[in-house]
Amino acid sequence: MNSIHKKEAMSYWAERLGISLTPAGYELEMLQLNELKIIDLLPEMLLMVRSVVAKETFCFRRKPITIIENGISISFQNIINSPSTACTSDKKILPQAQPHVRITPLHVESDVSFPKGVSIQQVTIIVSLDYLKRFIGTDQVKFDYLFSNEKTLWIEEFMSPEIAEVVNEISLIKSPDTLSDAYYRLKSLELLFYLFKNLSIRTHVTHQQLSKYELESVYSVRDQIASYIDRPFVQEELVKISGMNVIKLRKLFTQVFGKGMYPYYQHLRMQEAARLLRDEYLSVSETGYRLGFSNLSYFGRLFESHFGSKPKKWAQQHRNR
């Protein structure tokens, strides 16, 4: 698909998905479309693969999506290529450019942002909740919070290796010549299986409706944590940033991200440790000190609890790959 056809397809599906573009298509002109693939599996699902880079920072409001009457959007972000390929002004990867999975309801409006120069790579599944319930079967009671239209929920989950592998298959492998729809439906269901497997082990909280202010506050806290993983964790600073009391912040943060603030902070540190060991060939001690650990024994134990092996052994295995 050439660039003109990509933009025409993007414009067509943008309108169907509730994204009102200006008559001149200004929004599309601001995007460099590197990849666009849309698989129509309606009325149950719609699968979209896209890779874009914004020429300038801009944001627009997405209206409720009505292409599926009662459904959710599941977006697998920034896993088509290594996140280190994202173009940023420094070596730190922006929080929004980190690999993650985001689940949002279709019936609410949301702001869609495109930071300048950041590669946004997504595989998105828009799926009917009725179809999803049938797929999950008797285990659907564990995920009641996703099936309530009365609540405006926003869930973000870390990218697991199993999910990353399947999404790479979807995004990078050429479409099969025969049974194309069957292939993409099968891969979509495989993604949903791994995602709900991960969701089933999240820290349990009673889910509540989120206001726009609360959601923005929680993400401000997340961005602060992600920006300073080489510094000590200071809860008081995060509470101040959020504008909430500590109990409410802890609850809402866990609701959105599936982990408490401190476990989330440690998880990000270990993901960065793995990257430094694998991609930058740092030693274990260099990595530990880079991330603010003064006790390397503790760093080693923490790394092993996350990855199942000591950092030196893990680095040797993954560098060889």
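What follows is a tour of a predicted model, going from a sheet to a helix pair.

**Stop 1: the sheet.** Start by colouring the strands. Six of them make an open sheet, running in the order β1-β2-β7-β4-β5-β8, with antiparallel pairing. At the edges you'll find β1 (31-41) and β8 (155-158), each pairing on one side only. Step from one strand to the next and the twist averages 15°.

**Stop 2: a strand pair.** Now select β4 (residues 71-77) together with β7 (residues 119-128): seven bridges join them in the antiparallel sense.

**Stop 3: one residue.** Next, click on Thr104, which sits in strand β5 (residues 100-105). Is Thr104 buried or exposed? Its relative accessibility is 11%, and buried means under 20%, so Thr104 counts as buried. Leaving aside residues up to four places away in sequence, Thr104 touches Arg62, Ile72, Ser73, Leu153 and Trp154.

**Stop 4: two helices.** Finally, select α6 (residues 212-227) and α7 (residues 235-242). Their axes come within 9 Å and cross at roughly 145°, and the crossing is right-handed. Show the side chains: among the contact residues are Tyr213 and Val221 of α6, and Leu238 and Ile241 of α7. By class, this contact has five nonpolar, four polar and one charged residues.

Methods. Residues numbered from 1 in each chain as written. Predicted model: local features only at pLDDT ≥ 70, side-chain atom pairs only at ≥ 80, totals over all residues. Heavy atoms only, no water. Helix = DSSP H or I, 4+ residues; strand = E, 2+ residues; numbered from the N terminus. Buried < 20%, exposed > 50% of the residue type's maximum accessible area, 1.4 Å probe, protein only. Contact = heavy atoms within 4.5 Å. Pairing = 2+ DSSP bridges. Axes fitted to C-alpha atoms, helices over the stretch in contact; angles between N-to-C directions. Left-handed = near helix turned anticlockwise from the far one by under 90°. Nonpolar A, V, L, I, M, F, W, Y, C, P; charged D, E, K, R; others polar.
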